[in-house]
Amino acid sequence: MAVLKVKFSKTKRDKLAQVLWILNWISVVTGAILFSLGIFLKVEINKRGEVMAERDVQYVPNMLIAVGLIACAINFLGGKICYDCVDTTKFLRWKLIMLPYTVCTFFFTFCVLVGALMCYSMHWELEESLNLGLTQAMRFYKDTDTPGRCFLKRTVDMLQIEFQCCGNNGYRDWFQIQWVSNRYLDMSKKEVIDRLRSNVEGKYLMDGVPFSCCNLNSPRPCIQQQITNNSAHYNYEHQSEELNLWMKGCRQTLLEYYTHILQSIGLTVLITWLFELSVLTGVRYLQTSLENVLRQGDPNSDSEGWLLENGLMETARTNLNVIKNLGKSNQIGGGDNGDPNIDVPSTSKAHYGPDNVPPKQKTEAS
């Protein structure tokens, strides 16, 4: 029994074809939007690529770009097919293409759904990439005279100012790394020498942060050195007072920024998937109704259209049998050691005639 069977008159079929023609052109526009969103996301990720570890976080924008281009091509072809299907006689040129086109569109629509889900599942890979990348960027913050790293100080400072954040998880991350280069340390001072010797790895660690961690909205002059030393500053209690530094870590801030973008893109892709699914449903009804018209032989007669000619289980069983038969035919065709000439007569035993005598021998005998 056919699934979701609908009866179409000639007028309804023509209107369906016209509506689908318009919807396919709208789908071309949505494909261009998906392509643009993929490019936008790729650019946004590359902007912060210096503070991201080299992990595979580009698969989502690449997926969106590919899906957008395929959507433009498939729906452009679909628009042409639906335009010609208004005339039943023109449908004959597309009759053999309609079913493969519908199947390909189904798998493409599934890819759109996968793209939407990937936008929501990218959170964990992005968080790990930011965590590793920010830790590495902070470690190389002081290497302003090292080729390949000299840009990282400016990158981290601009990041902390733009996103109003400090450190990886918070401002205390700066206490655990040496972010001032040795070339700017006065080695003649006993305090500097003692601090270097007190560290097992010989690093100059201090309870201070770069200037870019300072909260510009704070009425008090920024305290970025000796942050945990209450006696070093007048009227200051670092444990009870809200510091005039950015309190949130850059990893969390960037993660929230990208999550907002990905959720917006994911919602757009999900709406696009629903739209593409409705277009695919309409194309399937148009295909089956026109095929039934051709069977009846009267282009003006009513016809039935459906999503599946048989039930879901029966359709699955039929397709499974088709696949099994294809496998069996390949096995039969591949028998006899796969020799393609197994049934070809050998030229060394050519049949010259009833007496099996070559023409030359017949001449001599005569």
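Which residues does the UniProt annotation "transmembrane region" cover? The unreviewed entry lists residues 20-39, 59-78 and 99-123. Such annotations may be inferred rather than shown by experiment, with feature names shortened and positions in the numbering used here.

This is a predicted model: local features need pLDDT of at least 70, side-chain atom pairs count only at pLDDT 80 or more, and totals for chains, interfaces and linings use all residues. Residues are numbered from 1 along each chain as its sequence is written, and side-chain values use heavy atoms, leaving out hydrogens and water.

Two of the annotated stretches compare as follows. Helices (H or I, at least four residues) and strands (E, at least two) are DSSP runs, numbered from the N terminus.

Next, the core. The largest nonpolar core has 76 residues. A nonpolar core is a set of buried Ala, Val, Leu, Ile, Met, Phe, Trp, Tyr and Cys residues joined through side-chain atoms within 4.5 Å. Buried means under 20% relative accessible area, with a 1.4 Å probe and protein chains only. W174 and V209 have the most contacts inside this core. Helix 7 (250-296) is among the elements giving it two or more residues; helix 7 gives the most, with 14 residues.

W174 touches several residues (contact: heavy atoms within 4.5 Å), including Y141, V209 and P210.

D157 sits in helix 5. D157 counts as buried because its relative accessibility is 4%. D157 touches Y141, P210, F211 and S212, not counting residues up to four places away in sequence.

Terms used:
Buried < 20%, exposed > 50% of the residue type's maximum accessible area, 1.4 Å probe, protein only.
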